Amino acid sequence: LGQSVVDTSTVIDWAIARLGVSPRISMGGNSIGGDIAVAAAGADHRIGRVAVTLATADWLRPGSCQPPGEPDEEAQAFYDRFDPVTHLDHYA
């Protein structure tokens, strides 16, 4: 999830340079794709609109029937950097 958020900015850079898309980006996604779109919007302010279904802004997924496991160092670093619920200031 976290690496996909990082990769999103690279894809946007490519699409602007190669396809001439507007630097004001809209994203959408379903399930984990939606989670990525929400987090990416907080990480890359060129993303101005997000539409998602079956997604959450809380990477700990409270109320899930499957509790989250223990993160390794890389997963914790992505959580600390991108989790939307704990970074509301990224969404002005």
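This is a short tour of one predicted model, stop by stop.

**Before you start.** Residues count from 1 along each chain as its sequence is written, and side-chain values use heavy atoms, without hydrogens or water. In this predicted model, local features need pLDDT of at least 70 and side-chain atom pairs count only at pLDDT 80 or more, while totals for chains, interfaces and linings use all residues.

**Stop 1: helix α3.** Select residues 73-82. Helices here are DSSP runs of H or I with at least four residues, strands are runs of E with at least two, and both are numbered from the N terminus. Phe78, Tyr79 and Phe82 are buried; buried means under 20% relative accessible area, exposed over 50%, partly exposed in between (1.4 Å probe, protein chains only). These three cover an arc of only 100° around the axis, so they sit on the same side of α3. The arc is taken from the directions from the helix axis to the C-beta atoms. Now turn to the face away from the buried side: Glu73 and Arg81 are exposed there.

Next, show α1 (2-19) and α2 (32-43), which are among what covers the buried residues of α3. Then select Asp72, which caps the N-terminal end of α3. One of its side-chain oxygens lies 3.2 Å from the backbone nitrogen of Glu74.

**Stop 2: the core.** Select Val5, Ile12, Ile25, Ala39, Ala40, Ala41, Ile47, Trp59, Phe78, Tyr79 and Phe82. These 11 residues make up the largest nonpolar core, a set of buried Ala, Val, Leu, Ile, Met, Phe, Trp, Tyr and Cys residues joined through side-chain atoms within 4.5 Å. Helices α1, α2 and α3 each supply at least two of its residues.

Stay on Ala41. Setting aside neighbours within four places in sequence, Ala41 is in contact (heavy atoms within 4.5 Å) with Ile47, Val50, His90 and Tyr91.

**Stop 3: salt bridges.** How many does the whole structure hold? Three, each a side-chain nitrogen of Lys or Arg within 4 Å of a carboxyl oxygen of Asp or Glu.

- Asp13 and Arg46: the closest N and O atoms are 2.6 Å apart. Asp13 lies in α1 and Arg46 in the loop between α2 and β2 (47-53), so the pair ties together parts 33 residues apart in sequence.
- Arg46 and Asp44: 2.7 Å, N to O. Asp44 is buried, at 8%.
- Arg61 and Asp35: 2.2 Å between the closest N and O atoms.

Finish by selecting Asp13, Asp44 and Arg46 together: they are linked in a network of salt bridges.

Note on methods:
A polar contact is a pair of N or O atoms within 3.5 Å; within protein, one must be able to donate a hydrogen and the other to accept it, and residues adjacent in sequence count only if both atoms are side-chain atoms.
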